[in-house]
Amino acid sequence: MNESNSPDLPAIDFIRSIIREDLESGKHQSLVTRFPPEPNGHLHIGHAKSIQLNFGTAEEFKGICFMRFDDTNPLKEEEEYVEGILEDVKWMGYEWKERLTYASDYFEKLYEFAEELIKKGKAYVESQSAEEIRRTRGTLTEPGINSPYRDRRFEESLTLFRQMRAGKFDDGDHVLRAKIDMTSPNINMRDPVLYRIRKVIHQRTGKKWCIYPLYDFTHGLSDAIEGVTHSLCTLEFEDHRPLYEWILAEVTAPCIPRQIEFSRLNLHYSVLSKRKLIKLVEDGYVSGWDDPRMLTLSGLRRRGYPPSAIRLFCERIGISKSENNIEMSVLENCAREILDKSSPRLMCVLKPLKVVITNYPEDKTENFHPAKHPKKPEMGTRKVPFSREIYIEYEDFREDPPPNYFRFAPGKEVRLRYAYVIRCDKVIYDSTGRVSELHCTYDPKTRSGAKTEGRKVKGIIHWVSAKNFIQVEVRLYDRLFAKPIPGSDDPEGNFLNDINHNSIDILSECKLEPEIMTSANKEVFQFERIGYFFKDPKDSLEDAMVFNRTVTLRDTWAKLEQEQH
RNA sequence: UGGGGCGUAGCCAAGUGGUAAGGCAACGGGUUUUGAUCCCGUGAUUCGCAGGUUCGAUCCCUGCCGCCCCAGCCA
């Protein structure tokens, strides 16, 4: 049990406190939770918070967690999403073993519970139209009024309900309602609908059913059937808790789970509601659910986020009941933290500027053997070829350097990382006046690792041999939205107005160290001085690799320079 | 102006009667052949506001203010 948290994590949250108490007091022998997504979309980082809570606490307290699909609405749900969701949960590092369930597994039991309710006079078949039901429900400030069918004999309701099941009626003809209180200040308690007729094929039960239970009726009972002890959900279900409890109390439930609500995740510069995510996909603002700019688990995975970074993020933000808007830097920093420790280093020149080292022999090539990781010699070394012509980063050279700039400039010296110190002798321009090439001289005494290297040079830049490199495409991503809370200053709340139209920058002339050819595909690399990059699993071809930038390195200089302006 | 929640530093988040943990960000310094990493240091006389109870209140009481959710045969 996680008694004491590690020092850099928030203290144990209120839900874990409740669980711990319930276990210590003997109220429960062991913990049972569940992660209950509806298969009508892909999982996003907000779901990761729930996965981490449900599966994570089960793990910590040596309990179990069910992987349950809440598939009670055949109109909206698709089998395709089930697979994606399972893949995502697995990727997050959790396993459900034999505990993969579907609410639809319980349709028969649920039906029996419904009959029980009818027989006890706690539910009735409603024969008004949806419109009439809506009209008589009342408003936030006015009570609703009783349905004329509310007091029909339970035998009649039972017959009708059985006929509903048998397919005697059309969609919308009747509905099953709980008999609670039409004057309740809580609208959820005003005789909520429990079952509706839907003559459609269900992705799992096929044509077996034409009546389907609604969420409120299904969820608590599914929890009870599975022996869930703590049913954790988001805040918008707080108002439903009285109904959740009512249903469990009125029926002979196998056990009484406790529903506890926590606040959902919001991240600055992003949207996380399923509705909005679908909009982005369907209207083509992104290439799909797994677009690396999407904060879906599949998008993050494709972008190069390790699951451990997402788990760290979930731990770091904590669990509470207050509205929260997490800064993007928290997520990014989690990725940096994990990736810095694990990523092999490579040099890659994104925007190449050719450099000719005039005093280096034309036909000579020498190899340097730097470590793959500066602090982990056990990761080994790589072979980096050096030659007379190399590429450096265009942005590492300034004709007219600003103060405190310690990269390359005319007449200045800089160290080529792992190689030599060079001096810029001459700048060559193209016909448009743009810098196209640099002529430099190197100092053989400054060879990396040599005893004579002595000289300290402040500026260190990365480079790639022009004779020996792999040409790759690199995709630089930025946040998908330009405002911290998309749609917040629009009266209609239209988040599409705040789309960042520069969220992707594709560079196709990037020069990468040949070492890449010896490395595995599934690794995230650090391109030194730039950031972390992951080979795109979808768009990469054997001879045309594509790399996604997972996250930049922290860039103190960029910040400094921006402040100077 | 019905009901349910929430309000502690820029962003998260503990604490719930004894005098404000921690993380991220920010800032300052050190190390460094990544302006990265790493290390060290700096922040709330104050807990939405106003009263009250108390020797003492972020924590209890009263009133007020602000924000979020609910009127699907969605989940």
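In this predicted model, strand 2 (residues 64–69) and strand 3 form a parallel pair held over three bridges. That pair belongs to an open sheet of three strands, ordered 1-2-3, in which the pairing is parallel.

- From one strand to the next, the twist averages 35°.
- Strands of a sheet pair through backbone hydrogen bonds, in either a parallel or an antiparallel manner.

**Helices across the sheet**

- Helix 3 (residues 79–91) lies across strand 1, strand 2 and strand 3, and runs at about 155° to strand 2.
- Helix 7 (residues 215–226) also lies across strand 1, strand 2 and strand 3, with an angle of about 140° to strand 2.

**Helix 2 and helix 11**

- The axes of helix 2 (residues 45–60) and helix 11 come within 10 Å and cross at roughly 85°; the two helices are therefore roughly perpendicular to each other.
- On the side of helix 2, the contact involves Ile45, Ala48, Lys49, Gln52 and Glu59.
- These residues meet Ile310, Arg311, Phe313, Cys314, Glu315 and Ile317 in helix 11.
- By class, this contact comprises six nonpolar, one polar and four charged residues.

- Of the atoms of RNA strand B that come within 4 Å of the protein, 67% belong to sugar and phosphate.
- Helix 11 (307–317) supplies at least two residues of the surface near RNA strand B, as does each of helix 5 (130–136), strand 6 (193–197), helix 12 (328–342) and helix 13 (556–564).
- The residues of this surface divide into 24 nonpolar, 20 polar and 28 charged.

**Individual polar contacts with RNA strand B**

- Asparagine 73 places a polar side-chain atom 3.0 Å from a sugar or linking oxygen of RNA strand B.
- Tryptophan 557 has a backbone N or O atom 3.4 Å from a sugar or linking oxygen of RNA strand B.
- Proline 185 has a backbone N or O atom 3.5 Å from a base nitrogen of RNA strand B.

How values were computed: Residues are numbered from 1 along each chain as its sequence is written. Chains are lettered from A and ligands numbered from 1 in the order in which they are written. This is a predicted model: local features need pLDDT of at least 70, side-chain atom pairs count only at pLDDT 80 or more; totals for chains, interfaces and linings use all residues. Side-chain values use heavy atoms; hydrogens and water are left out. A residue is near a molecule or strand if one of its heavy atoms lies within 4 Å of it. A polar contact is a pair of N or O atoms within 3.5 Å; within protein, one must be able to donate a hydrogen and the other to accept it, and residues adjacent in sequence count only if both atoms are side-chain atoms. Helices (H or I, at least four residues) and strands (E, at least two) are DSSP runs, numbered from the N terminus. Ala, Val, Leu, Ile, Met, Phe, Trp, Tyr, Cys and Pro count as nonpolar, Asp, Glu, Lys and Arg as charged, and the others, Gly among them, as polar. Two strands pair if DSSP finds at least two bridges between them. Axes are lines fitted to C-alpha atoms, for helices over the stretch in contact, and angles run from 0 to 180 degrees between N-to-C directions. Contact means heavy atoms within 4.5 Å. Angles under 35 degrees count as roughly parallel, over 145 as roughly antiparallel, 65 to 115 as roughly perpendicular and the rest as oblique.
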